[in-house]
Amino acid sequence: MSDRSNLPPLSPFLLARIAEMLALPWRACRQRNWRRRGRCCWLARDTKQPFCLRNLDAGQRAQFDAVAEEVRDIVDYSWFFSRLAFASSYRDTRALQDAGMAVARTVRSGASLREFRAFAAMRAARPPAKYDGEEPPLPKGW
């Protein structure tokens, strides 16, 4: 795995869309208005992240961060001629990539959305996942 510490932080808009896709406003938010709306409307001043993320425990936050990193990769590298298809042959990894595709679709518009739709069609043509579990890590030195 490459060093991800040099990447810029995720945008508050993208974090809010991820939280909404995972239904965090309904399940973790303590503000009744945001639970009713089903939208993340309140950002913490210090971290610039949706406030409902503070209500997650360590395990839930780790899973949220895994989805967020997958979404970042898909948003950054989802173009038709990309060598990355985000179509793993392992079921758990494919489920994570499917969630990332759902969020990445919501942050696109205009010409970028047309390009993303072409990428999604190319990805849909890939064979379905056939192995159980997560994709094994790459050997050292890759």
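## Basis of the model

A salt bridge is taken here as a side-chain nitrogen of Lys or Arg within 4 Å of a carboxyl oxygen of Asp or Glu. The structure is a predicted model, in which local features need pLDDT of at least 70 and side-chain atom pairs count only at pLDDT 80 or more, while totals for chains, interfaces and linings use all residues. Residues are numbered from 1 along each chain as its sequence is written, and side-chain values use heavy atoms, with hydrogens and water left out.

## Overall architecture

The protein has six helices and zero strands, giving the pattern α-α-α-α-α-α along the sequence. Helices (H or I, at least four residues) and strands (E, at least two) are DSSP runs, numbered from the N terminus. The C-alpha trace spans about 45 × 40 × 30 Å along its principal axes.

Of the 142 residues in the protein, 35% are buried. Buried means under 20% relative accessible area, exposed means over 50%, and partly exposed lies in between (1.4 Å probe, protein chains only). The protein exposes about 9,600 Å², of which carbon and sulfur atoms supply 53%; accessible areas come from the Shrake-Rupley method with a 1.4 Å probe, and for residues only the protein chains shown count as cover. Among contacts with a separation of 6 or more, 66% involve residues 24 or more positions apart. Contact means heavy atoms within 4.5 Å.

## Helix H1

Helix H1 (residues 12–21) is largely enclosed by the rest of the structure, because seven of its 10 residues are buried. These are Leu14, Leu15, Ala16, Arg17, Ile18, Ala19 and Glu20. Just after H1, alanine 23 takes a positive phi of about 60°.

## Helix H6

Helix H6 covers residues 111–124, and its 14 residues should span 20 Å at 1.5 Å a residue. The end C-alpha atoms are 20 Å apart, which agrees. The expected span is 1.5 Å times one less than the number of residues.

The buried residues in H6 are Leu113, Phe116, Phe119, Met122 and Arg123. They pack against H4 and H5.

## Salt bridges

The structure holds six salt bridges. One of the pairs is aspartate 46 with arginine 54, whose closest N and O atoms are 2.8 Å apart. Aspartate 46 counts as exposed at 60% relative accessibility, and arginine 54 counts as partly exposed at 46%.

Another salt bridge joins the side chains of glutamate 69 and arginine 72 (3.5 Å, N to O). Both residues lie in helix H4, three residues apart, about one turn of the helix. An α-helix has 3.6 residues a turn, so residues three or four places apart point the same way. Glutamate 69 is partly exposed at 26% relative accessibility, whereas arginine 72 is buried at 10%.

Arginine 123 and aspartate 98 also meet through their side chains in a salt bridge (2.6 Å, N to O). This pair links distant parts of the chain, with arginine 123 in helix H6 and aspartate 98 in helix H5, 25 residues apart. Arginine 123 is buried at 10% relative accessibility, and aspartate 98 is partly exposed with a relative accessible area of 37%.

## Glutamate 70

Glutamate 70 is placed in helix H4. This residue is buried yet has no salt bridge. The nearest side chain of opposite charge is arginine 123, 7.4 Å away; Lys and Arg count as positive and Asp and Glu as negative, while His and the chain ends are not counted. Leaving aside neighbours within four places in sequence, glutamate 70 is in contact with Phe86, Leu96 and Gln97.

## The loop between H4 and H5

The loop between helix H4 (58–77) and helix H5 (91–106) contains phenylalanine 81. Phenylalanine 81 is exposed, with a relative accessible area of 66%. Together with Trp79 and Phe80, Phe81 forms a nonpolar patch on the surface, with about 360 Å² of accessible area for the three together. Patches are made of residues with over 30% relative accessible area and no salt bridge; like charges are joined within 9 Å, and nonpolar side chains (Val, Leu, Ile, Met, Phe, Trp, Tyr) within 5 Å.

Alanine 87 also lies in the loop between H4 and H5 and is partly exposed, with a relative accessible area of 23%. Not counting residues up to four places away in sequence, alanine 87 touches Arg94, Gln97, Arg123 and Arg126. The C-alpha atoms of alanine 87 and proline 128 are separated by 8.0 Å, with the two residues 41 apart along the chain.
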